[in-house]
Each structure stands twice: as C-alpha cells, then as structure tokens.
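Hi,

Here is the structure I promised to pass on. Please open it first, then read my notes below.

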Amino acid sequence: MTWLRIAPIIATLATLFGYAGLALVLSGGTNIDLTQQSSWFLALGQGHVLGLPFQLIALYLPLLAMFAFLQHGTGYGRALYLTGTNDRAAALAGLRVGRLRGAAYVLCGLTATIAGIVGAARLGTARPDAGMNDNLISIAIVVLGGTGIFGGTGSVVGTALATVVIAIVDYGLSYNDFNPIYQAGVIGVILIGVILVENPVLAWRARRFK
C-alpha cells in the first residue's frame with residue numbers, strides 16, 4: 001500500500017473489507033468452536049491475575065508502555081510524527097517515508113492480530129465477522145484520545161485514556177438497559193462532538209504558531 005502511494009485511510013478500509021471477505025470464505029461463514037482448545041489458550045482471554053484480567057496485566061499494559069516509549073523516546077516515533085504532519089517535508093528532510101509508514105502498518109497489524117487472538121480466547125469461538133461492529137468505536141477512541149484525523153498529533157497514552165472513557169460509557173449504557181440499537185449512535189455523537197471541538201483548537205494552534 002505504501003509503494004502504491006494509497007492514502008492510509010483508503011488502505012485501511014480496503015484491507016478491512018478484503019480480509020473480512022477472506023475470513024468468510026475460509027470459514028464458510030460459520031463460527032469455529034475453540035472451547036476444546038488447551039487451557040493456556042483460553043486463559044489468554046478468560047484468565048485472571050491478582051483479580052485482574054490476564055490480558056490487561058500480561059499484554060495491554062506492557063504493550064502500552066512499549067508503544068509510549070517508541071513514540072516519545074525514539075527517533076522512529078519523532079520521525080513518524082513528522083511524516084504524519086507533512087510527509088513531503090519529511091521526505092525532503094531525508095526520512096524514508098515509505099519505510100516509516102510500512103513499519104507502522106506492520107505494528108498495527110501485529111497488535112490487531114494479538115487483539116483478535118485474545119478476543120477469540122475470551123469468547124471461546126472464532127467468528128469470521130468478529131470486530132466488524134467495532135470500527136466506529138475504534139475511530140471514536142483514537143480521535144477522542146487526541147489523534148488528529150489529518151495526522152501529526154496524538155499519543156498512545158491519550159488513546160489508552162480514551163479507551164477507558166468509551167468503555168465506561170458503553171458499560172454504563174448497557175448496565176442501564178439502554179437500547180443496544182442506539183448505543184452506536186451515542187458513540188457517533190461523541191465522535192462528531194470531539195471533531196467539532198478539535199477543528200477550532202487545531203485552527204487556533206495553527207494561527208498561534210505561524
């Protein structure tokens with residue numbers, strides 16, 4: 001996708017639907033029972049350590065720390081920021097934009113794979129359509145966490161905090177028997193509200209630092 005100079009959002013959507021279709025073909029559109037798998041596999045999604053979910057202690061928090069350091073404490077993270085802000089300027093500065101984006105895609109795919117494995121272990125079943133309804137929520141989380149829709153801003157920690165906020169909202173709606181049909185609409189309203197607030201802030205920053 002990087003070599004073909006396809007916009008990141010288009011590459012994301014294209015691979016999303018492509019792999020979703022492939023999953024349906026390979027599985028025949030049926031769920032795969034995983035309850036007979038070894039206990040260590042199911043523990044990835046169902047286990048607990050000190051009363052906390054295993055995936056939180058063993059996967060989520062370590063990955064959060066690693067990616068936060070990668071973003072703020074390495075040259076790769078700073079170069080990725082510059083690429084997101086202005087890829088042409090990054091190329092003129094001598095950065096290999098294609099490799100930077102390619103590495104970002106690989107890391108994104110790796111974390112998505114881990115999330116898929118943990119999700120399958122938690123449910124005890126592998127669904128070919130798993131996660132299809134989470135696209136809006138994931139976009140809302142990264143935008144709410146401060147990631148600019150046009151690139152160049154955002155942080156891993158902000159995204160993690162936004163994940164907690166969205167999880168609390170989602171749990172609160174479910175706990176109060178809010179109609180599930182409207183829950184996605186509430187997330188959409190939150191997303192639109194954040195974008196409406198974000199645009200004036202970005203414009204103010206641009207004027208301030210001119």
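**What I found**

Gln46 has a relative accessibility of 41%, so this residue counts as partly exposed. The cut-offs explain the label: buried is under 20%, exposed is over 50%, and partly exposed is in between. Keep in mind that this is a predicted model.

Where does Gln46 lie? Its place is in helix 2. Gln46 touches Ala121, Arg122 and Gly124, leaving aside residues up to four places away in sequence. With Arg122 there is a polar contact: the Gln46 side chain reaches the backbone oxygen of Arg122 at 3.3 Å. Gly124 is 78 residues from Gln46 in sequence, yet the two C-alpha atoms are 9.0 Å apart in space.

Next, the inside. The largest nonpolar core has 6 residues: Leu34, Phe41, Leu42, Leu44, Ala120 and Ala121. Helix 2 (39-46) and helix 6 (97-123) each give two or more residues to this core. Helix 2 has the largest share, with 3 residues. Leu34 touches Phe41, Leu42 and Ala120, and also Gly124, Thr125 and Ala126, again not counting residues up to four places away in sequence. There is also a second, separate core of 5 residues, among them Ala140, Ile141, Ala162 and Ile166.

Now the surface. Val49, Leu50, Leu52, Ile57, Tyr60 and Leu61 make a nonpolar patch of about 550 Å². Which helix gives the most to the nonpolar patch? Helix 3 (residues 54-73) does, with 3 residues. Tyr60 is in helix 3. Tyr60 counts as partly exposed because its relative accessibility is 37%.

Best wishes

How values were computed:
Residues are numbered from 1 along each chain as its sequence is written. This is a predicted model: local features need pLDDT of at least 70, side-chain atom pairs count only at pLDDT 80 or more; totals for chains, interfaces and linings use all residues. Side-chain values use heavy atoms; hydrogens and water are left out. Patches are made of residues with over 30% relative accessible area and no salt bridge: like charges are joined within 9 Å, nonpolar side chains (Val, Leu, Ile, Met, Phe, Trp, Tyr) within 5 Å. Accessible areas come from the Shrake-Rupley method with a 1.4 Å probe; for residues, only the protein chains shown count as cover. A salt bridge is a side-chain nitrogen of Lys or Arg within 4 Å of a carboxyl oxygen of Asp or Glu. Helices (H or I, at least four residues) and strands (E, at least two) are DSSP runs, numbered from the N terminus. Buried means under 20% relative accessible area, exposed over 50%, partly exposed in between (1.4 Å probe, protein chains only). A nonpolar core is a set of buried Ala, Val, Leu, Ile, Met, Phe, Trp, Tyr and Cys residues joined through side-chain atoms within 4.5 Å. Contact means heavy atoms within 4.5 Å. A polar contact is a pair of N or O atoms within 3.5 Å; within protein, one must be able to donate a hydrogen and the other to accept it, and residues adjacent in sequence count only if both atoms are side-chain atoms.
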